[in-house]
Amino acid sequence: MNAPAKSPLAPSRRGFLAGAASLGFAFTLGDLGGVATAQAAETSGHAIGYWVTINADGGIQIAMPAAEMGQGSSTGLAMVFAEELDADWPKVSTLDIATRADIYGNPAFGGALITVGSKSIQGYWDKVRLQAASVRRLLMQAAAAQWSVPLAELTTEPSVVVHAASVRRLTYGEIAAFAVVPAELPAVQKSELKPMSAYRIIGKPVARRDIPLKVDGSAKFGMDVQVPGMAYGTILRSPVEGASPKKVDEASVAAVPGIIKIVPMKDAVGIVAETIEAAFAARSALQVEWGAVDFHGYASEPALVQFVERAKKTSEAGLPYVKTGDSDTAFTKAAKIVTAEYTTDYLYHAQMEPINITASVNAEGDGAEIWMGTQSQSAIIGAAAAILKTKPEKITLHPHFLGGGFGRRSAPDMVPYALGMSKAVQRPVKVIWTREQDVKAAKMRPMTAHRLEAAVDEQGNVTGWRHRIVAESVVAYSAPERLAQAKGLDPLTLEGAKIDYEIANQTISYLREIRGAPLSAWRGIGAGHNKFAIEGFADEVATALTVDPVAFRLQLCKSNPRATKVIKTVAEMAGWGDARPAERAVGFAFGKVVDTWTAAVIEISLDRETGEIRAHRAWVALDPGIAVNPDSIVAQTEGNVVFGLSQVLKERVTISDGSVDQTNLFDYRVARMSDTPEIHVTVIPTNNPPSGMGEAALPLIGPAVANAMYVLTKKRFRNMPLIPQRVKATLKDNGSV
Amino acid sequence: MMTVDFKINGKSVSISAEPDTPLLWVIREHLKLTGTKYGCGAGMCGACTVHINGRSARSCRAQLQDMAGKSVTTIEGLSAASDHPLQKAWIAEQTPQCGYCQSGQIMQAADLLQKNPHPTRDEIVRHMDGNICRCGTYPRIVRAIERAVKEG
Ligand code: FES
Ligand code: FES
């Protein structure tokens, strides 16, 4: 019956562009009007607005704007909607991932459909609740009219409107069958939303809806797409960023049966074949001569030395990111100054599912269908429309599950190759990157160097803080105009650089390097490198003041109850201060990451012969505001500990002569089960809007390990990762620490 | 090109492809059983784990030409109604995150329990260490295996 009501949420192209750009994506979005039909209309239920359909039997389907890559947002957002709708949770399911940004976009990103920065629950928190409250209000109004009673006399119970005075009840399913849905749903004020104390669904551990599909192979990832008549494709991308194929020797693959076409493109050669095995075999055999580009001369190890030199050369001020008080005076008057340099290396995402995309360009070349798992429906549709010089409504995107995102699937860099190959052979093509290609085309977390200084007065108070960050800009690679908008202060590279310590005089500055390395957000974003430097250094200052590291942080967070609570909780969980077994030590780190107050303690041991560090136990306490699905928060935090240990102990991309040295998972190693410590997580919910949970603990694991290493060895480990050869070199080094 | 007859999930199949075609692609793209995943193609991650003649194996390292007469089980054939004790335990422990590695994890774990119905924690870790989970679900994989051992 009901045509979906016109959205009360007016599409704002300008807002959308700003939002998409703030994430670091450069592409033309074109006209965003009417990208797809309202997805709520595609089920048999009665659509009430764009966000929900309700069946006569009480089944409720909720629109799903966020990608599901294991973080649990598809269940969490449905919980938030169902809570405010007062729906009967077991009857709730979700619709396919939305592709219409004008309706379903994330307000945290100016209305783009994008799942990054742990901002799905946070960004949609008000929007989804207000939508759900409007639907509930409409159902109540319809019941009031039916019974001819005042709206004020009605209440709801799970999926039922109740008139207590006359003991009458109507289920949501019954009401949906007769309700007339106006063009605009009734408006509800934020002040009318349910208080935390009334929650029935939020705050209880809820089984994730996607999990049953992930134990029997039925979950469909991008890789699993099967389109009738499709061919298979893969790419051989230039090993050096930006180089073009100069000469492609087709004879080199003549012996491989089933090759359909070799397609030279801007910085890659596409191989289209009848089978994936043929495409992969041809990729190994294909001989290509690549053009020269400046990046050929780049090598990461000497560059890092230069980064450190620049960080130390304080005559160059850099761009001020934070400037509070008067740090110059604080340092002039200081009784003691503590100084150190930290570094972090490039990292690769190593998401389990290599990049893949299936595309079918139409015969006219002005439209396409695309099947894939992506963190940004908006980026994919925008990029495809720009490449085909067409309107976004000519691009149909079928979103699938993501076999890991972690930032790697936020950019549309795989789109041009797939469109190019499909166009060249006039067939749908499933393009799969080999793992080797995925590694070589890494979009890395930036390599960074840091110089930190703390000024301490006669009484032992920290009066000044200086932090100089030398790194390339992530957004300069992915969306250069965004760097200009931010006045040169890259929001991704600098994320997490602000400290949550009560220090009056601070100068935090950015010294941008321009080297041309391909970069992107990586789980934890800027906090991943910045917190390593900040929290390692905070420990050094505590040591210089002969104060216990936890007591030191508590002093610096005196007037912050949320910080104090997580610090004290984790210290208690870990038995901070207790005696440890021989050759074991604990290290601590704290920080606010994606607005979640987090503290971590790691217990490690060290094999002094091999330089290998082993983590035995980990404790994390966090305050995420309202904890929507507490079990998902615990699961995410366990994953953060494992991922965080992986990056501090094992992971490292090096670049020689402009190309990534690593090739597959044998030389880019990630944490395995035997590397996993016993993990204890305490979630401390507070009545604050929910904050991000996908990457809160990760940035604290590195510094906690480095700080534990100091306890064990009395040496500071200031270069991440703490791989065995570095550990051994530092242990041998008798210099000052 | 060669034609090879073997069994998959109890059914006889006859596949014509290049002799050195990885079993992984035969399963995923020729037979469209997409529960088995491609992770590295190099035996490093375990995403492609299946059972060959009842033992776990990396399908990316097995070739079509070696499959004649063999019997292959994939995640789709592990149980009739997705109710293998490991699958039930995996749900009870809310183990998967992105889920991409989990078919391989479950097939690897099923092989362990066949050989050793009451593994110690060390035995679990040793048996499972070749299977990467980038999302870091290892603690829940261990718990799920221990639950399956208990609840059978
Ligand atoms: S895909 Fe076979 S082990 Fe990785
Ligand atoms: S659940 Fe994502 S790789 Fe294991």
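**Figure 1. Two domains of chain B in the predicted model.** Chain B splits into domain 1 (2-77) and domain 2 (85-151). The model is predicted. Taken over C-alpha atoms, the centres of domain 1 of chain B and domain 2 of chain B lie 21 Å apart. Contact between them involves 16 residues of domain 1 of chain B and 14 residues of domain 2 of chain B. Together the two domains bury about 1,300 Å², with 49% of it on carbon and sulfur atoms. B:His51, B:Arg55 and B:Ile75 supply 36% of the area that domain 1 of chain B buries against domain 2 of chain B, more than any other three residues.

Figure 2. One salt bridge is counted between domain 1 of chain B and domain 2 of chain B. The side chains of B:Asp111 and B:Arg55 form a salt bridge at 3.0 Å, N to O. On the side of domain 1 of chain B that touches domain 2 of chain B, strand S3 (49-52) and strand S4 (55-58) of chain B each supply at least two residues. S4(B) gives the most to this side, with three residues. The residues of this side comprise five nonpolar, eight polar and three charged.

**Figure 3. Surroundings of A:Gln662.** A:Gln662 sits in the loop between strand S26 (659-660) and strand S27 (678-683) of chain A. A:Gln662 has a relative accessible area of 9%, so it is buried. Its contacts beyond four places in sequence include A:Lys440, A:Arg652 and A:Tyr668. A:Val439 is 223 residues away along the chain, yet its C-alpha atom is 6.9 Å from that of A:Gln662. The side chain of A:Gln662 reaches the backbone nitrogen of A:Thr654 at 3.1 Å.

Note on methods
Residues numbered from 1 in each chain as written. Chains lettered and ligands numbered in written order. Predicted model: local features only at pLDDT ≥ 70, side-chain atom pairs only at ≥ 80, totals over all residues. Heavy atoms only, no water. Helix = DSSP H or I, 4+ residues; strand = E, 2+ residues; numbered from the N terminus. Buried < 20%, exposed > 50% of the residue type's maximum accessible area, 1.4 Å probe, protein only. Contact = heavy atoms within 4.5 Å. Polar contact = N/O pair within 3.5 Å; in protein donor to acceptor, adjacent residues only side chain to side chain. Domains from an automatic or database assignment. Buried area = accessible area lost by both parts, 1.4 Å probe. Salt bridge = Lys/Arg side-chain N within 4 Å of Asp/Glu carboxyl O. Nonpolar A, V, L, I, M, F, W, Y, C, P; charged D, E, K, R; others polar.
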